[in-house]
Amino acid sequence: MDRPLILPLASCIQPSLVGGKALGLGRLLAGGFPVPPGLCVTTEAYDHALCVPGFSPAEQWQTALNSSGAERQRILSSCRTVIQNHDIVGLTDQIVKQVRKLGLPSSGLWAVRSSATNEDGARASFAGVYRTHLGIPLEEVGSAVRDLWLSIWDERVLNYHAASGLSGAPPAMAVVIQPLLEASAAGVAYSVHPLTGRTTQVMINAVAGLAVALVDGRATPDQYVVEIAENSEPLRISERTIVGQTQALRMTGQGLQSMPLPDEAVGRATLSDDRLFALARAAKQIEHSFGHPVDLEWLYDDRSLWFLQARPISGLVRSPRLTNDDCEWSRANFKETLPELPSPLGLSFLEQFMERYILSPYRRMGCQIPEGISSVRTFQGRPYINMTLFYSLIAQLRGNPSFMTEQMGGEILVRPPEVRPLGWIALVRAGVVLMAEMRKALRHGPAWFAEMKAMVAEHRADRIRTFSVKDIALRLDALSQWLDERELTFAIAGGVAQCLQALSGLLPRWIGQEWRSLLNGALQGQAAVISAQQIVRLAEIVELIRRDPSAAALFTEERWDPGEVRRELAGTEALRAFDRYLDDYGHRGVGESDPMSPRFADRPELLLTILRTQILAPTHATPADILQRQTLVRERALAEIHAKFGWRFHRRLVFSWWYRRLCRFFALREANRHHLMYYSAATRSLLLRLGEWLVEQGRLSSQDDIFYLTIEDRADLLAGRSSDWKETIQARRAERDCHATINVPDTIQDWRETVRGTDATSVVASEGIFRGIPISGGQVVGLVRFVGSMEDWSRVCRGDILVVSVVDPGMAPLFGIAAGLIAEMGGTLSHGAIIAREYGLPAVANVSGIIARLKEGDRISLNADRGEIVVHEGERDEAVKAEPSSQ
């Protein structure tokens, strides 16, 4: 059967007949993608042109490859002469006939493009090597086809062919013929990032008008990178480089010319976001259809998107490893226990803690952490945790990383990393390591906690007054070594995570969708959770004051002076109870993981104000009321869980075992946190004394300058290494003041884009309802009260719903007077969440941007069973309630 000379593009399926470009267009059409209609002059027509007696294209090609200089040019010239002597009239007539047969208009201009058999392949693209003709009248298309045939016999083609390591067989030339479209924008798209090989990124280059200059490398395009989800849907534009184009290449009566853009288009982005997303989506769909990453030439006219070429991306190099810039970062977890702007010392201690006590245990379990990847990164003075890294670590241990956001807070990863789980033998080995760590925590935790509590008394300011600088340095080193040998955070967190992974896998199947709220209820009233006990302790002090009329009068006087009240309470049982409370909880505070943060013992007037608020309230809950309510909620939740198990006693047994274990590790987790703050308080005391010494020596300007030195700086200073430490600290203070004026996102999904300052977050309420993660059940209605720092505590009234950026465990004293709690960040495993749940305070976390959407005094409904917040429009308290101190 004779091979055809001309084919419609939709029939181009044989590479040796239609070449690379036509084959790609045929595959696009077969996949249902938009391609301008057209036809292909096949390699059979090219072979006819070379069918001359005594002429062998293969021999001439091989001879030219093996020759050089003038001899090569002579061979190439003789081959081009053979083609030039071929009569093209008959072919032109057939092209015109086929154009009419396809129903294409014979008027207008045409694009004539090469489609050689060695073009657009996986090994070599031959991009830009062969010729293209644009704006050709139909009667001249035959001559343009012949010119493309000639372009095979060129020095550039021979050199590219040899450099690509292709065989000695000569290529053949087919030609694609399509109507020339009037382009508003055109360019190139890669379905994966061509430099890094990231499969979740589509790179797009775009110019106004036709893309000839872009393809030829004579124009600088706008460049975009679009992030793609696993379902191939575009997520966002992570990179946008606009060059400010002023002209567009257009076809005119005088040929291709650069024409000025309209004033409103000058300097603007070539593509709208909608067009970018449509192009990126199509690029991934074509990639899936072809089965490999693709390099696409595209064009937008005034009607729609068209594809002019699709070929494999040649020379694609996959990025060998993950980098910090590829990871997604969140302030979740850190934001709960550190101040908004941690001190330089606090940041350096955080980095050391994460490396020594979190990442190192993962490595001992056999998990792989790519070189150069860190767990902590700082942006504008705020620390971020590497969510991508911890997703990978959980997945390596064959855990379910989808629960990570719920437990830690933050946003769901938009680019989950590819993870190779540990093999089963390695996983068993990891389990043995983790179980040994958990047993150590259960066995030694109480004794080590007692040692940490003793550190505070041992390092009280009056006891270290006579310490020299050397004594202080030795004590700090000894405390650090003690923690190296006894730190239990990883083991305890592993125990909690293990229990929650097990229960979250079993309970949804056993008791249905309400499993989470029922489990939250079952975790209320666990007396062993030390952090939550402080709320009951404060309620006990309130009862003592109420029973003493003279003491109660001090708290209800209109003229309120906390310092004077404390002096007047001297010798009373109420003050003794308050001092015992400070002995047990005075080392806690807001942002307490930073040694620079003040503790309750430093500012007891704040706690006295909380007591006053409770005493002034018309109703109050006694300690017995609190405990009874918690017990009732817990017992009801457990009874409902067991009722749903029905006769399946094995489910009861399995649940009871995991539940008891979870309760034990939850209590250990809060005890560990509580006692680590004794360690932190002891360190703070030593650092403040060191600051005093260095001020006396003239090396620092103020006592708290010591918190502006990192751990490494402090070692250098004490070793006598020369530096202008005062100047260094002054610069860091100025930098911190600057950071305080800058708002930062809670989540960074593209570090480079955020650093460039173009990242933005927004919050949209669905049907007027804000949604988050329920962390402690219940339903309440109340007024919004923003709490950003301890300075806001005096404004909190009984029945307020606290709205915070994060649930800092140091806020626990407020939980006794608040009706509910909403946090922009956080998860079910946060320390603050455990305390709220233990106390029974209705709470929802991870409501991104809620602070910006609410106003102080708004009346809202909080459904913490469903994780929903509704604003009562028109019911805002314009007076925003009186201050407690004025009641």
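**Asking how we know**

Colleague: What share of the 887 residues in the protein is buried?

Modeller: Buried residues make up 55% of them. Buried means under 20% relative accessible area, exposed means over 50%, and partly exposed is in between, with a 1.4 Å probe and protein chains only. This is a predicted model, where local features need pLDDT of at least 70 and side-chain atom pairs count only at pLDDT 80 or more, while totals for chains, interfaces and linings use all residues. Residues are numbered from 1 along each chain as its sequence is written, and side-chain values use heavy atoms, with hydrogens and water left out.

Colleague: Okay, why is Ser-504 called buried?

Modeller: Its relative accessibility is 6%, and the cut-off for buried is under 20%, so Ser-504 counts as buried.

Colleague: What does the side chain of Ser-504 reach at 2.7 Å?

Modeller: That's the backbone oxygen of Leu-500. The backbone oxygen of Gln-501 also lies 3.1 Å from a polar atom of the Ser-504 side chain. A polar contact is a pair of N or O atoms within 3.5 Å; within protein, one must be able to donate a hydrogen and the other to accept it, and residues adjacent in sequence count only if both atoms are side-chain atoms.

Colleague: Which residues does Ser-504 touch, not counting those up to four places away in sequence?

Modeller: Phe-403 and Trp-515. Contact means heavy atoms within 4.5 Å. Ser-504 itself sits in helix H16, residues 489-511. Helices are DSSP runs of H or I with at least four residues, strands are runs of E with at least two, and both are numbered from the N terminus.

Colleague: How many helices and strands does the protein have?

Modeller: There are 29 helices and 25 strands.

Colleague: Back to burial. Why does Val-99 count as buried?

Modeller: Val-99 has 0% relative accessibility, so it counts as buried. You'll find Val-99 in helix H5, residues 89-101. Leaving out residues up to four places away in sequence, Val-99 touches Leu-39, Leu-104, Pro-105, Trp-110 and Leu-138.

Colleague: And why is Val-428 called exposed?

Modeller: Its relative accessibility is 55%, and exposed starts over 50%, so Val-428 counts as exposed. Val-428 belongs to helix H14, residues 424-458.

Colleague: How far apart in space are Val-428 and Leu-102?

Modeller: They are 67 Å apart, C-alpha to C-alpha, and 326 residues apart in sequence. For Val-99 and Pro-37, 62 residues apart along the chain, the C-alpha atoms are separated by 9.7 Å.

Colleague: What makes Asn-333 partly exposed?

Modeller: Its relative accessible area is 30%, which falls between the 20% and 50% cut-offs, so Asn-333 is partly exposed. Asn-333 lies in the loop between strand E14 (329-330) and helix H10 (334-337). It also has a positive phi of about 80° although it is not a glycine.

Colleague: Why does Gln-380 get that label, partly exposed?

Modeller: At 26% relative accessible area, Gln-380 is partly exposed. Its place is in the loop between strand E15 (376-379) and strand E16 (382-386). Gln-380 has a positive phi of about 50° although it is not a glycine.
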